[in-house]
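This report treats salt bridges, strand pairing, aromatic contacts and a surface patch in turn. Please keep the coordinates open while reading.

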Amino acid sequence: MQDGLASDNARKIIRDSRGSIWVTCYVSGVSRFDGNKWDSFTVKNGLCSNETITLAADKSGGVWVSAYWGVSCFDGQQWSSYSNVSPDEPAIGGPNPMKDCQNLTLVDGELSAADMIFIDSHGNVWFSSRGRGVTRYDGKDWRLFTSKDGLGTGGINTIFEDKDGVIWFDGSTGISSFDGAKFTFHLIPAYQSVVPRPIAQDILQDNQGNLWLAAYGGGVVRFNGKDWQAFSVQDGLPSVNAQALFLTKDGYPGVITDKGVCRFDGNTWQLMTAADGLPESKVRVVVSDGEGNLWFGAKGKVSYYSK
């Protein structure tokens with residue numbers, strides 16, 4: 001905070017198309033670093049709420065922020081906020097923060113507490129909902145999609161776009177795909193008898209076009225466009241509690257679980273250990289750099305993997 005950050009509780013960090021770094025600061029709004037100084041934004045600047053959750057940058061230089069009560073967009077000059085909740089609606093424990101929002105538009109959607117903001121290849125902005133479907137903004141109109149449109153019931157936890165432009169949504173009752181015209185609901189046979197149903201924590205596509213899901217309590221599943229194949233502990237995974245996926249240089253997936261990291265070689269899963277250079281403590285995050293090298297983050301250590 002002494003350097004200008006709105007709060008020391010940084011929750012999410014992104015880089016926008018102009019090169020600036022943005023940080024959600026929990027109950028203190030968001031902060032932007034332009035390379036020289038920090039600027040912070042709150043309800044007084046146009047946010048719908050200071051209780052920010054996540055954020056995403058679009059290709060035109062805009063930055064979207066979700067918060068409790070609604071979402072806000074910064075176009076480089078000013079903020080615009082959107083909500084499906086009236087600023088006159090009473091809040092629990094205090095006044096409605098949107099009463100002080102100067103540029104608020106009420107829209108049709110489910111925008112309160114969106115945990116994920118996803119921008120697809122066409123520039124559409126999708127907002128997940130904890131309880132009811134997903135909301136899309138196409139630059140002009142807002143639309144809420146629910147089970148009536150082909151989604152599963154309940155909220156959406158994970159959104160992913162494959163190489164063909166099909167968007168996948170996973171929620172509490174199942175996974176759906178959207179081809180731009182209609183939704184298709186998919187049943188994963190290995191999950192039908194599992195209660196509670198495993199929910200995808202991450203989705204990716206390998207170089208062969210297969211879709212992979214990592215689900216906490218459900219291991220990993222692969223979809224080849226026709227059939228779903230599940231992988232579990234008996235197949236070499238260290239745990240069924242899969243948390244995140246990554247692609248290795250050979251185009252096959254790897255997975256982070258609560259009991260270790262492993263990679264797929266096309267036939268079997270191979271455990272990656274400290275002998276490979278991984279941290280001995282629990283790995284929590286992995287990211288690929290521009291050359292396909294992998295960086296693993298764990299408590300007290302970061303490891304670089306180049307094979």
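## Salt bridges

Asp149 is partly exposed, because its relative accessibility of 28% lies between the 20% and 50% limits. In this predicted model, Asp149 is the salt-bridge partner of Arg143, with 3.3 Å between the closest N and O atoms, and Arg143 is itself partly exposed, at a relative accessible area of 41%. The search of the whole structure finds eight salt bridges, of which the pair Arg143 and Asp149 is one.

A network of salt bridges with shared partners joins Arg32, Asp34, Lys37 and Asp39. Within this group, the side chains of Arg32 and Asp39 meet at 3.5 Å, taken from N to O, while Lys37 and Asp34 form a salt bridge whose closest N and O atoms are 3.4 Å apart. Which of these residues count as buried, and which as partly exposed? Arg32 counts as buried because its relative accessibility is 18%, under the 20% limit, whereas Asp39, with a relative accessible area of 22%, is partly exposed. Lys37 is likewise partly exposed, with a relative accessible area of 44%, and Asp34 counts as partly exposed at 34% relative accessibility.

## The sheet S18-S19-S20-S21

Four strands form an open sheet in the order S18-S19-S20-S21, and their pairing is antiparallel. The edges are strand S18 (199–205) and S21, each of which pairs on one side only, and the twist from one strand to the next averages 20 degrees. Strand S20, which covers residues 219–223, is mostly covered, since five of its five residues are buried.

On one side, S20 pairs in the antiparallel sense with strand S19 (residues 211–216) over five bridges, and in this pairing Leu213 stands opposite Val221 in S20. The hairpin of S19 and S20 has two residues between the strands, and in this hairpin Gly217 takes a positive phi near 90 degrees.

S20 also pairs with strand S21 (residues 228–231), again in the antiparallel sense, over four bridges. Here Phe223 stands opposite Trp228 in S21, and Arg222 stands opposite Gln229 in S21. In a regular strand the side chains alternate between the two faces of the sheet. Four residues lie between S20 and S21 in the hairpin that they form, and Gly225 in the turn has a positive phi of about 100 degrees.

## The sheet S10-S11-S12-S13

Another open sheet of four strands has the order S10-S11-S12-S13, with antiparallel pairing. Its edge strands are strand S10 (117–119) and strand S13 (142–145), and each of these pairs on one side only; the twist averages 20 degrees from one strand to the next. Between S12 and S13, which run antiparallel, there are four bridges, and Val134 has Phe145 in S13 as its bridge partner.

## Aromatic pairs

How many aromatic pairs are there when ring centres must lie within 6.5 Å? The count comes to 35 aromatic pairs. Among them is the pair of Trp64 and Tyr137, with 5.7 Å from centre to centre and 65 degrees between the planes; the pair is edge-to-face because this angle is over 60 degrees.

## A nonpolar surface patch

Val287, Trp295, Val302 and Tyr304 make a nonpolar surface patch of about 400 Å².

Conventions. Residues numbered from 1 in each chain as written. Predicted model: local features only at pLDDT ≥ 70, side-chain atom pairs only at ≥ 80, totals over all residues. Heavy atoms only, no water. Patch = residues over 30% accessible without salt bridge, like charges linked within 9 Å, V, L, I, M, F, W, Y side chains within 5 Å. Areas by Shrake-Rupley, 256 points an atom, 1.4 Å probe, with all protein chains shown as cover. Salt bridge = Lys/Arg side-chain N within 4 Å of Asp/Glu carboxyl O. Buried < 20%, exposed > 50% of the residue type's maximum accessible area, 1.4 Å probe, protein only. Pairing = 2+ DSSP bridges. Axes fitted to C-alpha atoms, helices over the stretch in contact; angles between N-to-C directions. Phe/Tyr/Trp six-rings, centres within 6.5 Å; stacked < 30°, edge-to-face > 60°.
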